[in-house]
Amino acid sequence: LGLADAAITRLGYLQTLSVRPTSAVRNFTSVTDPTAAGRALKVDGVLQTTYRREGQQVRVRTQLVDVRLGVAIWTAQFDATANGLSQLEDAIAEGLALRLALEKGESERKPRPRAIVPEAYAAYLQGRWHWSRRTQHDLIAAQQSFEKALSHDPTYAPAHSGLADALLSQGRDEAARAAATEARRLDAALAEPYATLGFLAWFHDRDAGTAQTYFARAIEL
C-alpha cells in the first residue's frame, strides 16, 4: 500500500489524468479482479501491480486494465535493487504516461529529483502503511517508522509530513504542527504538510481564513 500511495502521488502530477486517492483504493488490496474494483470505483482503468523480492532484488509487474473491455491494454516489468525502490513509482508513472500519450503539463509540477536514502524511504513507506490502518497500535508504529526514516535522513520532507500526520492522529497537535512546518520548510512543493496545517488551523485554532489558505495551497499542489 505504501508503494501504491507513492505511485498515486506521482501520477497526480499528470494534469490530464484523474487518479483515485489511496483512501479510495485501500479496501481493494486483496481483490483479484481489477475490473470489479474498477466498476466499484467508477473508473476507466485500473493499474494493478504485484512485486516479488528476493534478497536485494525486487521485480515489479504492472498492468493497466481497461474496465469496460476487461483486458490489459498495457503491461510492464521493472527490476530494481532494494536501494532503487524509491524510483519505482517514477518508472511506473513514466511508462503509463507514454502508453496513454499524456501531457505532463507545467514542468515545475514535477518534483525535483533528489538523492533519497533507501533506508529512509523504506521506513517512510512502512510508516504510511501503518498510518493508513488508523488503529492506536498502528498510529504509534507509524510514528516510530517515520522517526526511523528521519534518523537515516533528517532532511527527508515526506517523513516529517508523515510524522505530523501520525502525531495529529494521536491528538498531539503542537508536535504535529512543528513536524508539518519543518516538512514545508524542507520542501515547499509538498502538498501534505499544507493539508495538515490547514486541519490544525481549522479544528485547533478556529482560524477559518488561514485554514482556507492552507487547504487551497494543498489542492493547488
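Me: How should I read the link between the side chains of Thr49 and Thr62, and what kind of contact joins them?

Reply: A polar contact of 2.7 Å joins these two side chains, the term standing for a pair of N or O atoms within 3.5 Å, where one must be able to donate a hydrogen and the other to accept it, and where residues adjacent in sequence count only if both atoms are side-chain atoms. Please keep in mind that this is a predicted model, in which local features need pLDDT of at least 70 and side-chain atom pairs count only at pLDDT 80 or more, while totals for chains, interfaces and linings use all residues. Residues are numbered from 1 along each chain as its sequence is written, and side-chain values use heavy atoms, with hydrogens and water left out.

Me: Which residues does Thr49 touch, not counting residues up to four places away in sequence?

Reply: Touching, or contact, means heavy atoms within 4.5 Å, and by that rule Thr49 touches Val60, Arg61 and Thr62 once those sequence neighbours are set aside. Val60 lies 11 residues from Thr49 along the chain, and their C-alpha atoms are separated by 6.9 Å. In the protein, 48% of the contacts with a separation of 6 or more are between residues 24 or more positions apart.

Me: Where in the fold is Thr49 found, and what is its relative accessible area?

Reply: Thr49 belongs to strand E1, residues 45-54; strands (E, at least two residues) and helices (H or I, at least four) are DSSP runs. The protein has 10 helices and three strands, and from the N terminus they run α-α-α-β-β-β-α-α-α-α-α-α-α. The relative accessible area of Thr49 is 33%, so Thr49 counts as partly exposed, the class between buried (under 20%) and exposed (over 50%), with a 1.4 Å probe and protein chains only. Of the 221 residues of the protein, 39% count as buried.

Me: How much space lies in the second largest pocket, and which residues are closest to its centre?

Reply: About 1,600 Å³ of space lies in the second largest pocket, where a pocket is an open set of points on a 1 Å grid that a 1.4 Å probe fits, with protein on both sides within 12 Å along at least five of seven lines, and lining residues have an atom within 4 Å of a point. Of its 47 lining residues, the closest to the centre are Ala4, Val25, Leu47, Gln48 and Thr49. Strand E1 gives the largest share of this lining, eight residues.

Terms used. Points joined across faces, edges and corners; volume = space filled by probe spheres on them.
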